[in-house]
Structure formats: C-alpha cells, structure tokens
Amino acid sequence: MAQKIPLTPFSHPPMEEAHNETIATTNFSGDLYAHYQIANQNSRELPKPDVQIITSGGIRIPAHSSVLASVSSVLENIIERPRKHSSSERIIPILGVPCDAVAAFVGFIYSFRCGEEELEKYGIHLLALSHVYLVPNLKQRCAKAVGELLTIENVVDVLQLARLCDAPDLYLKCMKFVSGHFKAVEKTEGWKFMQNHDPWLELEILQFIDEAESRKKRTRRHREEQSLYMELSVAMDCLEHICTEGCMSVGPYDMQPTKKRGPCSKFSTCQGIQLLIKHFAACRNRVNGGCFRCKRMWQLLRLHSSMCDQLESCKVPLCRQFKLKMQQEKKGDDAPWRLLVKKVVSARVMSSLKLLKRKREEQLRETIQDHGIRTFRL
C-alpha cells in the first residue's frame with residue numbers, strides 16, 4: 001500500500017480524496033510493471049522498487065532507478081547524487097503538476113505509451129515534464145496533442161509554454177493561430193496578462209503578424225505577376241498562330257482567310273489580338289504615337305521579336321526590323337525590358353511542360369484503360 005506523506009502543513013489533501021489517490025497509485029504501480037514486462041518480454045523480472053517519486057499531493061509512486069535512468073538523463077543524475085545516509089531511501093520529488101499527470105509521466109517511462117485521454121487532460125503538464133526531464137518522445141507527442149487543442153482562451157498560455165519548453169512546431173502553430181484570430185485573442189485575459197508581464201512576447205507576436213501580412217502581399221503580388229506573364233505568353237502563341245496559320249477573320253497576307261475555320265482553343269485571347277491587329281492596320285493616330293491601343297500592339301510585336309529565334313522564317317510583321325533596331329542601339333540600360341522577356345519565356349516553358357505532362361498522363365490513362373479492357377474476354 002502506497003504511503004501518503006504531506007509536504008507542508010497546507011498540502012494535506014482531503015482524507016477521502018487522498019485515500020482514493022493512494023489506491024489509484026497502488027493500482028497504477030501494478031499496471032505499470034505489467035505493461036513494462038509486456039513491452040520488454042526478453043528482460044528479467046523486475047526487482048522491488050528502489051525509488052519513491054513524490055507528487056504535490058503527497059502521493060508516493062514506487063519506481064525502479066534502472067528504468068528511470070535508462071529513459072531520462074536528468075533522472076539518472078538525480079538518482080546518482082550522493083545521499084547523506086546510505087540507508088536512507090531514494091526520493092525524487094516531482095512537484096507543481098497534478099498527481100495523475102506525474103503518474104502518466106512515469107507510465108510513459110515504463111511503457112512508452114500515453115493514452116489520448118491522458119494527453120487531452122494533462123498534455124500541457126506532460127509537455128513541461130518531458131522538457132524538464134529530457135524525454136523527447138513524450139515531448140513530441142505532447143506538443144502535437146496540445147497543438148490540436150488550441151482555443152482562443154488558451155493559445156497565449158500555450159504559446160508561453162512552447163517558448164519555455166523549446167517546442168518550435170507548437171510555437172509556430174500558436175503564432176499562426178494568434179495571427180488568424182488576433183481580434184478575439186486580444187480580448188482574452190491571457191493576452192492582457194502577457195501585456196503586463198511579458199512585453200517581449202507581445203512584440204514577437206506583433207512582428208510575426210506583420211511579417212505574415214508582408215508574406216501574403218508578396219505572394220499575392222507574385223501570383224498576379226505570374227498571371228500577367230502567362231497571359232503574355234499565351235498572347236505570343238496567339239500572335240504567331242494568327243500570322244502563321246490565320247484564325248477566323250485575320251491571317252497572313254499570302255493566305256486567304258477561310259470562313260469555315262472555327263475558333264481556336266485560345267479564342268478569347270486570340271480574338272482580342274485580332275481586333276488589335278485590325279485597329280493597328282487602320283488607325284491614323286499610330287504614326288504620331290497618340291493611340292494607346294497601337295502602343296500595346298507595338299509592345300506585343302517588340303516582345304515577340306525579343307523572344308523569336310526564327311529570324312529568317314518568322315512571319316510576324318516587323319520581327320526582323322525590331323531585331324535589327326535592337327542590335328544597332330545596343331542599349332544597356334533597358335534592364336526592366338530584358339527581365340520582362342526572361343519572365344515571359346520562363347512562363348512559356350512552364351506552360352509547355354505542364355501541357356506535355358498532361359498529354360502524357362492522358363496517354364497513360366488511355367493505355368491503362370485499353371489494356372484493362374483487353375484483359376477481359378467479352
């Protein structure tokens with residue numbers, strides 16, 4: 001029967017509660033050793049416990065120094081400390097957490113198991129214990145379990161604990177949670193307490209939120225730029241398609257447009273370029289440079305010329321003239337234009353790779369389906 005000893009005059013638990021806890025601890029000890037024997041079938045039978053773990057409620061949990069030392073180097077150092085009297089028993093106080101949390105901690109040391117109910121009830125306490133006594137397997141499980149139970153009310157407390165216990169994954173998850181629910185978290189008692197007692201953590205949170213917003217803006221801007229480069233890449237394809245094969249009502253000067261030709265796969269972009277070409281051919285203001293639509297057409301033709309590698313066979317108007325002009329001028333200060341050309345070429349390559357990958361997947365799917373049909377006798 002486990003013995004109940006008070007630590008201070010104020011630490012006496014109620015008689016009935018202490019009795020129940022003592023019984024629970026005794027049963028816990030029996031189950032503990034049984035689980036250890038099952039988990040270590042090749043090991044010898046355990047000797048009598050030679051260490052007593054004392055909890056805040058005055059409960060004693062008998063344990064084996066060899067098992068504790070094999071899992072935790074901190075407990076090993078405590079056990080190996082010299083005692084005042086060689087006959088005195090070894091006592092390890094684990095205070096400041098509920099008795100059941102200590103029992104679950106010791107249970108994990110013996111069996112390397114921790115139930116979901118225990119993690120839900122005592123995850124925060126077990127996280128602190130696993131950090132203090134260097135039990136990384138339990139610490140990892142506790143950090144994951146506590147991260148799944150974050151709420152607006154407890155996230156600040158968990159964040160402080162994650163920082164103290166050096167749990168980076170849990171710390172990042174708490175930061176993201178606070179960033180996503182900042183208005184609600186700001187009204188909690190935990191946030192107000194942190195403002196008064198831990199202003200550095202408040203500063204870290206505000207900096208994280210600011211950096212997160214900056215990342216979102218950069219990501220949004222990058223997506224918009226990539227969308228623009230992809231649109232210009234499609235426009236280049238349509239321009240070459242119109243000037244080489246013809247589409248709907250616009251085509252090469254040496255080919256008669258056919259009325260039976262249907263719209264191409266990129267009809268919306270292709271139609272816009274056709275309208276732009278018709279306007280460019282008939283506009284009277286383009287010579288003086290006063291037409292916005294004509295300027296857009298000039299830029300498309302120049303962009304094509306900067307990307308085109310078929311100087312002799314290219315049928316796009318003014319392609320050769322633009323190349324000769326660029327070679328003659330040799331401007332070294334047109335870095336933004338060169339960057340634009342590079343980005344559009346990159347988008348064009350990525351689009352071609354995606355199309356090729358899609359075709360291969362379709363061919364593979366058709367091959368598998370045909371093979372599957374042929375394996376059946378109809």
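## Ile205 and the nonpolar cores

Leaving out neighbours within four places in sequence, Ile205 is in contact (heavy atoms within 4.5 Å) with Leu159, Met175, Val178, Trp191 and Met194. A second, separate core of 29 residues includes Ala235, Ile242, Ile273 and Cys283. A nonpolar core is a set of buried Ala, Val, Leu, Ile, Met, Phe, Trp, Tyr and Cys residues joined through side-chain atoms within 4.5 Å. Buried means under 20% relative accessible area, exposed over 50%, and partly exposed in between (1.4 Å probe, protein chains only).

The largest nonpolar core has 56 residues, of which Ile53, Leu68, Ile94, Phe105, Leu126, Leu170 and Ile205 touch the most other members. Helix 4 (residues 99-111) supplies the largest share of this core, nine residues.

## Basis of the model

This is a predicted model, in which local features need pLDDT of at least 70 and side-chain atom pairs count only at pLDDT 80 or more, while totals for chains, interfaces and linings use all residues. Residues are numbered from 1 along each chain as its sequence is written, and side-chain values use heavy atoms, with hydrogens and water left out.

## The chain as a whole

The secondary structure of the chain comes to 15 helices and three strands. Helices (H or I, at least four residues) and strands (E, at least two) are DSSP runs, numbered from the N terminus. Of the 378 residues of the chain, 35% count as buried.

Among contacts in the chain with a separation of 6 or more, 59% join residues 24 or more positions apart. The accessible surface is about 25100 Å², and carbon and sulfur atoms account for 54% of this area; the areas come from the Shrake-Rupley method with a 1.4 Å probe, and for residues only the protein chains shown count as cover.

## Helix 8

Helix 8 (residues 168-180) has 13 residues and spans 18 Å from its first C-alpha to its last, close to the expected 18 Å. The expected span is 1.5 Å times one less than the number of residues. Within helix 8, Leu170, Cys174, Met175, Phe177 and Val178 are buried. Seen down the axis, the buried residues of helix 8 fall within an arc of 160°, so they line one face of the helix; the arc is that of the directions from the helix axis to the C-beta atoms.

The buried residues of helix 8 pack against several helices, including helix 5 (116-132), helix 7 (155-164) and helix 11 (199-244). On the face turned away from the buried side, helix 8 carries the exposed residues Pro168, Asp169, Lys176 and Gly180.

## Helix 13 and Ser305

Helix 13 has 16 residues and reaches 23 Å between its first and last C-alpha, close to the 22 Å expected. Its buried residues include Cys294, Met297, His304 and Ser305.

Ser305 lies in helix 13 (residues 292-307) and has a relative accessible area of 0%. Not counting residues up to four places away in sequence, Ser305 touches Cys319, Phe322, Lys323 and Met326. A polar atom of the Ser305 side chain lies 2.9 Å from the backbone oxygen of Cys319.

## Residues in loops

Most residues other than glycine have a negative phi. Phe112, in the loop between helix 4 and helix 5, has a positive phi near 55°. Phe112 counts as partly exposed because its relative accessibility is 44%. Asp166, in the loop between helix 7 and helix 8, also has a positive phi, near 55°. At 54% relative accessibility, Asp166 counts as exposed.

Note on methods. A polar contact is a pair of N or O atoms within 3.5 Å; within protein, one must be able to donate a hydrogen and the other to accept it, and residues adjacent in sequence count only if both atoms are side-chain atoms.
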